[in-house]
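Keep the structure open beside the text and follow along.

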Amino acid sequence: MSAFLISLSTVAVAEMGDRTQFLALMLAARFRRPWAIMAGILLATLADNLAAAALGSWFGHRIAPAFLDALVGCSLTLMALWTIFAPDEAENAPKTSSRGAFLTTLCSFFLAELGDKTQIATLALAAAYPNLLLVVAGSTAGLLLANAPVVFLGDAFAHRIPLSALRYAAVVLFLGLGAFFVIRASQLCWPPLSVSCF
């Protein structure tokens, strides 16, 4: 169950202030059809997370455990730096078309999530945890949890989100998880830490 909870909390915090959250806000303001938008977000996120988790799981089965933990720890630390130095802006969100709310959301979210930090987090967590379905379920639930208030409350909610505080919370979470995996990697090899561990 820890794979689900860690995936949920990591992705939910990472999504706060992310470009896809701004995209959800824009779609909600444009279409005012929250259930159709949430359905599009769900399907797009599932597709992206399944692909990321499958790739992470493939790497996870082919890399030595100590090296994998060190790699996951370093990638989470890099994501913390990415969150600090490359914050997402609302204007980076793709523009919507005149199609229906569901199809526009499905296409926009699928493309916006490709290579996004929440997808990279899913890939890293799938490499670290053996239960692929729990990672995908947790990551998807985290993204839905972060976007549901924005979709249902729209503009009224957007001005009340303390984005800078949430961004720092994401940094702390990424650094904490990164340190956890690096420490776990060193414990697998200690004593002494040697090249044979990797």
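H1 passes H6 in a right-handed crossing (right-handed if the near helix is turned clockwise from the far one by less than a right angle, left-handed if anticlockwise). On the H1 side the contact uses Ile 6, Ser 7, Thr 10, Val 11, Ala 14 and Glu 15, and on the H6 side Lys 117, Thr 118, Ala 121, Thr 122 and Leu 125, where contact means heavy atoms within 4.5 Å. By type, the residues of the contact of H1 with H6 are five nonpolar, four polar and two charged (Ala, Val, Leu, Ile, Met, Phe, Trp, Tyr, Cys and Pro count as nonpolar, Asp, Glu, Lys and Arg as charged, and the others, Gly among them, as polar).

A word on how to read all this: the model is predicted, so local features need pLDDT of at least 70 and side-chain atom pairs count only at pLDDT 80 or more, while totals for chains, interfaces and linings use all residues. Residues are numbered from 1 along each chain as its sequence is written, and side-chain values use heavy atoms, with hydrogens and water left out.

Now step back to the whole chain. Its secondary structure comes to eight helices and zero strands; both are DSSP runs numbered from the N terminus, helices being H or I of at least four residues and strands E of at least two. Of the 198 residues, 45% count as buried, meaning under 20% relative accessible area, with exposed over 50% and partly exposed in between (1.4 Å probe, protein chains only).

What does the largest nonpolar core look like in numbers and names? It has 19 residues, and those with the most contacts inside it are Ala 24, Leu 27, Ile 37, Ile 41, Phe 109 and Val 151. A nonpolar core is a set of buried Ala, Val, Leu, Ile, Met, Phe, Trp, Tyr and Cys residues joined through side-chain atoms within 4.5 Å. Helices H2 (19-31), H3 (34-60), H5 (101-113) and H7 (132-158) each supply at least two residues of this core, and H2 gives the most, with six. A second, separate core of 14 residues includes Ala 3, Ala 53, Tyr 129 and Leu 177.

Two of these helices, H2 and H5, pack at an angle of about 165° with axes 10 Å apart, which makes H2 roughly antiparallel to H5.

Thr 105 lies in helix H5 and is buried, with a relative accessible area of 0%. Beyond neighbours within four places in sequence, Thr 105 is in contact with Leu 27, Ile 37, Gly 40, Ile 41 and Phe 110. Ser 139, found in helix H7, is buried too, at 1%.

Methods:
Axes are lines fitted to C-alpha atoms, for helices over the stretch in contact, and angles run from 0 to 180 degrees between N-to-C directions. Angles under 35 degrees count as roughly parallel, over 145 as roughly antiparallel, 65 to 115 as roughly perpendicular and the rest as oblique.
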